[in-house]
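Thanks for coming. I will take a few minutes on one structure, going through its charged pairs and then its sheet.

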Amino acid sequence: MRFDSPPPLVQNARVSNVFYAPGDQRAAKVNDLFAAIARRYDLLNDLQSFGMHRLWKRRVVQLAKAKAGDRALDLCCGTGDIAFALARRGAETTGLDFSPQMLEVAESRRLKNSKLKIQNLKFLQGDAQQIPFSDHSFDIVTVGYGLRNLTSWERGLDEMFRVARPGARLIVLDFGKPPNALWRKIYFTHLKISVPLMGWLFCGNARAYAYILESLKNYPAQLAVAEKMRGLKLTDIRVINLLGGAMAINYGEKAA
Ligand SMILES: C[S@@+](CC[C@H](N)C(=O)[O-])C[C@H]1O[C@@H](n2cnc3c(N)ncnc32)[C@H](O)[C@@H]1O
């Protein structure tokens with residue numbers, strides 16, 4: 001494991017920008033980031049969220065109301081948490097991600113779980129901004145902690161909408177922006193200091209974890225996602241704030 005320079009407690013803002021670049025460079029930098037942390041990704045998720053990301057993902061899957069016969073697409077699936085849960089509920093599930101390293105971890109988890117007979121799940125390499133499926137293909141389209149990483153999150157939502165069947169559930173889980181100013185400050189300080197520190201300690205990479213705050217600053221979060229869903233004329237649009245808006249789930253259904 002390679003440890004980068006000391007945690008960015010006292011370093012300048014440049015450190016947090018290493019994996020963030022706007023425009024055309026964005027995807028390549030994001031790909032580098034996940035290639036670097038893939039092996040430790042699950043561990044760090046548990047540590048940073050005190051295991052709570054499992055509850056938030058469970059909430060996503062409950063909202064998806066997956067059942068046998070449904071087709072589900074989990075975008076930016078990473079190591080596969082949401083995809084596994086959708087498949088376990090019986091949906092014919094595809095997990096899509098552009099990082100071979102993250103998909104490798106997902107695939108090895110799938111093979112380890114083969115005893116549980118997760119046959120209705122496949123992982124596919126591809127770009128969430130150009131989903132390699134035709135229009136109206138899925139009953140459920142989810143994305144967990146992915147939209148924020150796209151060069152254009154709006155394009156990502158347009159693509160989710162395109163591949164969704166009429167009546168499909170579209171669900172986005174991501175870091176949010178708490179409406180309360182004091183809580184937002186405390187939370188952003190946590191993202192600025194403790195999260196990169198944990199990244200350094202347990203993954204040898206502070207910069208990859210400093211990226212979370214950088215990407216969040218450049219992502220308009222739950223309110224803008226809801227606005228975009230309204231623009232797409234989704235129905236039953238909901239914003240579910242978790243931990244006072246530090247995390248958020250956006251839900252909407254494609255009109256039948
Ligand atoms: C923070 S991880 C989330 C993984 C998983 N969904 C979870 O909640 O644990 C973000 C994932 O998005 C993927 N990703 C980022 N941009 C992408 C794109 N344009 N197309 C497909 N996957 C992308 C990354 O490779 C990474 O695996």
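By a salt bridge I mean a side-chain nitrogen of Lys or Arg within 4 Å of a carboxyl oxygen of Asp or Glu. Keep in mind that this is a predicted model. Searching the whole structure with that criterion turns up 15 salt bridges.

Let me start with R39 and E104, whose side chains meet at 2.9 Å, N to O. R39 is exposed, at 61% relative accessible area, while E104 is partly exposed, at 47%.

The next pair is D158 and K228, with a salt bridge of 2.8 Å, N to O. This one also links distant parts of the chain: D158 is in helix α6 and K228 in helix α9 (residues 221-231), 70 residues apart. D158 is partly exposed, with a relative accessible area of 30%.

Helix α6 also holds R162 and E159, three residues apart, or about one turn of the helix. Their side chains form a salt bridge of 2.7 Å, N to O. Is E159 buried or exposed? E159 is buried, with a relative accessible area of 6%, and R162 is partly exposed, at 23%. Elsewhere, D42, K57, D81 and R109 are linked in a network of salt bridges.

Now the sheet. Seven strands make an open sheet with mixed pairing, in the order β3-β2-β1-β4-β5-β7-β6. The edges are β3 (121-125) and β6 (235-242); each has a single partner strand, so one side of each is left without a neighbour in the sheet. On average, neighbouring strands are turned by 15° against each other, direction ignored.

Consider β5, residues 164-175, where nine of the 12 residues are buried. β5 pairs with β4 (residues 138-144) in the parallel sense, over six bridges. The chain gets from β4 to β5 through helix α6 (residues 153-163), in a right-handed β-α-β crossover. With strand β7 (residues 247-253), β5 runs antiparallel, joined by seven bridges. R169 of β5 has I140 opposite it, and R169 also stands opposite E253 in β7.

Last, the surface. L182, W183, I186 and L243 form a nonpolar patch there, with about 390 Å² of accessible area together. L182 lies in helix α7 (residues 181-203) and is exposed, at 60% relative accessible area.

Methods
Residues numbered from 1 in each chain as written. Predicted model: local features only at pLDDT ≥ 70, side-chain atom pairs only at ≥ 80, totals over all residues. Heavy atoms only, no water. Buried < 20%, exposed > 50% of the residue type's maximum accessible area, 1.4 Å probe, protein only. Helix = DSSP H or I, 4+ residues; strand = E, 2+ residues; numbered from the N terminus. Pairing = 2+ DSSP bridges. Right-handed = clockwise from strand over helix to strand, strands pointing away. Patch = residues over 30% accessible without salt bridge, like charges linked within 9 Å, V, L, I, M, F, W, Y side chains within 5 Å. Areas by Shrake-Rupley, 256 points an atom, 1.4 Å probe, with all protein chains shown as cover. Axes fitted to C-alpha atoms, helices over the stretch in contact; angles between N-to-C directions.
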